[in-house]
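Subject: Handing over a structure

Hello,

Here is the structure I promised to pass on to you. Please open it first, and then read my notes below.

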Amino acid sequence: MDGKLMDNDISHVVEADRAHVWHHLIQHAPWTGADPKADPRIIVEGRGMRVWDQKGKEHLDAVSGGVWTVNVGYGRERIANAVRNQLIKLPYFAGSTGSIPGALFSEKLISKMPGLTRVYYTNSGSEANEKAFKMVRQIAHKRYGGKKHKILYRDRDYHGTTIACLSAGGQDERGAQYGPYTPGFVRVPHCLEYRAQWDLSGEEYGIAAANAIEEVILAEGPDTVGAICLEPVTAGGGVITPPEGYWPRVQEICRKYDVLLHIDEVVCGLGRTGTWFGYQHYGIEPDFVTMAKGVASGYAAIACCVTSERVFDLFKDDTSDSMNYFRDISTFGGCTAGPAAALENMAIIEEEDLLGNTVAMGDYMLDQLRALQDKHAVIGQVRGKGLFLGAELVADRTTKEPVDEKLAQAVVGDCNAQGVIIGVTNRSIPGFNNTLCYSPALIATKDDIDQIVSATDKALTKIFG
Ligand code: PMP
């Protein structure tokens, strides 16, 4: 780590943070009051797979910046330089105009997404999803007198933090205190076979889980259902990989009832599962694909809602007074730093074959975590794809009773103390699970993975014996 940074008065930074910053996703009480029990954690610097905190302590980051984002790792000067050069040339212009990096990145992105043609820029995953929801609603108004407006979403999936996204959110614990919600969003069952809802297995299970979507469409009335929004591999809901047979049947059902298929790739894109996008493992042909975190690996804020030409065409109209265009704007969708960073991010993934590394290291890590499962009865199931893996902790393998949330947190805390940052999903979900979550940068090596797995091993031994 750069020693100069520690010359700064870091204790002043900590106190400024403690006094004025409202951190995401955390209870602040232990940090505040006359006698605080802990300091907020401040990450000061990063290189490759590693970050350093305010105390100068080194951490191996197994969660890519906390939430599946820094896919190409820290300290990428070529991304920083591209952003710097672009900012000096033109930082921003928005409205109905374009930009050079915006045009070039959309061309590059689309070259990896056969069947899709249009990129709508915005700046967060939630907002990208809202754009798709709005397009679906506008299509309903244009073509179906407003009737085919309902949007289906799945239990355990997450699509963002706004009220409409929470209305499409399958994790009740996240939304419990923020209602009332937006009407027109309808839930379908999750597809996690480990927590089975049907007495079937493998492909039959996958088909049954997809058929459950058809049942909801029929119950609601196919003429009222405009779209379904799904994560290709569910992230925060428990790292849920879909069973065999699930996706082909989902696609079939969407075609049968003319339901637009919206795939939320905010976590899986770009590269996280070993293909550019998670849906590309399953032969799906989506109408909308939304993405955010890994688009520029966190070096700049950028998100996109990508659509097919079929969707785009529905918004074209030659009459000069037409109000039928997509009447939407995103102020920071006009920042040029995002696509400039994203272009370099994609170039790095290609030149360093990070998709290939993700497949190889993902397989290796899956094997290592499965070996850990043989050793620790508390691991009920290991699942995931590429460098997007989870280990679900259970108090009892037969009943699959979830482990106490505090114990799952203790595993994360112990890994942290050992200098390895891992995550945990699904806190406090009655009858559901606590899943340790791993998403190292796509540059991870075997040594990095060994260190992550060994820290987990030690933590599990310490906490569960
Ligand atoms: N979709 C998924 C699958 C996500 O995991 C997230 C964020 N965790 C979002 C959407 C929302 O993205 P953002 O936080 O950028 O709004």
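A word on naming before anything else: helices (H or I, at least four residues) and strands (E, at least two) are DSSP runs, numbered from the N terminus. With that in hand, you can find Asp-258 in the loop between α10 (246–256) and β8 (260–264). Residues are numbered from 1 along each chain as its sequence is written. Please keep in mind that this is a predicted model, in which local features need pLDDT of at least 70 and side-chain atom pairs count only at pLDDT 80 or more, while totals for chains, interfaces and linings use all residues.

Let me stay with Asp-258 for a moment. Val-225 is 33 residues away from Asp-258 along the chain, and their C-alpha atoms are separated by 8.5 Å.

Now the overall picture. The protein has 15 helices and 15 strands, and 48% of its 465 residues count as buried. Along the principal axes, its C-alpha atoms fill a box of roughly 65 × 60 × 45 Å. The radius of gyration is 22 Å, which agrees with the value near 23 Å that a compact globule of 465 residues would have. That radius is taken over C-alpha atoms, and the globule rule is 2.2 Å times the number of residues to the power 0.38. Among contacts with a separation of 6 or more, 71% are between residues 24 or more positions apart; two residues are in contact if their C-beta atoms, placed from the backbone, lie within 7 Å.

Next, the domains. Domain 1 covers 41–72 + 354–464 and domain 2 covers 77–351, with bounds that come from an automatic or database domain assignment. Their C-alpha centres lie 26 Å apart. Domain 1 brings 33 residues to the contact and domain 2 brings 26 residues. On the side of domain 1 that touches domain 2, at least two residues each come from α3 (64–68), α13 (354–375), β11 (379–384), β12 (389–393) and β15 (434–438).

Which residues come nearest to the ligand? Of the 16 residues around it, they are Ser-124, Gly-125, Ser-126, Gly-160 and Val-266; a residue is near a molecule or strand if its C-beta atom, placed from the backbone, lies within 6 Å of it. Helix α6 (residues 125–144) gives the most to this shell, with three residues. The shell around the ligand has six nonpolar, eight polar and two charged residues.

Finally, some strands. Two strands pair if DSSP finds at least two bridges between them.

- Strand β5 (residues 150–154) has five of its five residues buried. Lys-150, Leu-152 and Arg-154 are on one side, with Ile-151 and Tyr-153 on the other. β5 runs parallel to β7 (residues 225–230) over four bridges, and parallel to β6 (residues 185–188), also over four bridges. Leu-152 has Ile-228 as its bridge partner in β7 and stands opposite Val-186 in β6.
- Strand β10 (residues 303–307) is largely enclosed by the rest of the structure, because five of its five residues are buried. β10 is antiparallel to β4 (residues 118–122), with five bridges, and antiparallel to β9 (residues 288–291), with four bridges. Cys-305 in β10 stands opposite Tyr-120 and is the bridge partner of Thr-290.
- An open sheet of four strands has the order β1-β2-β3-β13, with mixed pairing. β1 (43–47) and β13 (420–421) each have a single partner strand, so one side of each is left without a neighbour in the sheet. β1 pairs with β2 (residues 50–53) in the antiparallel sense over four bridges, and Glu-45 has Trp-52 as its bridge partner in β2.

Enjoy looking around!

Best wishes

Notes. A residue is buried if 20 or more other C-beta atoms lie within 10 Å of its own, exposed if 12 or fewer, and partly exposed in between; C-beta atoms are placed from the backbone. Ala, Val, Leu, Ile, Met, Phe, Trp, Tyr, Cys and Pro count as nonpolar, Asp, Glu, Lys and Arg as charged, and the others, Gly among them, as polar.
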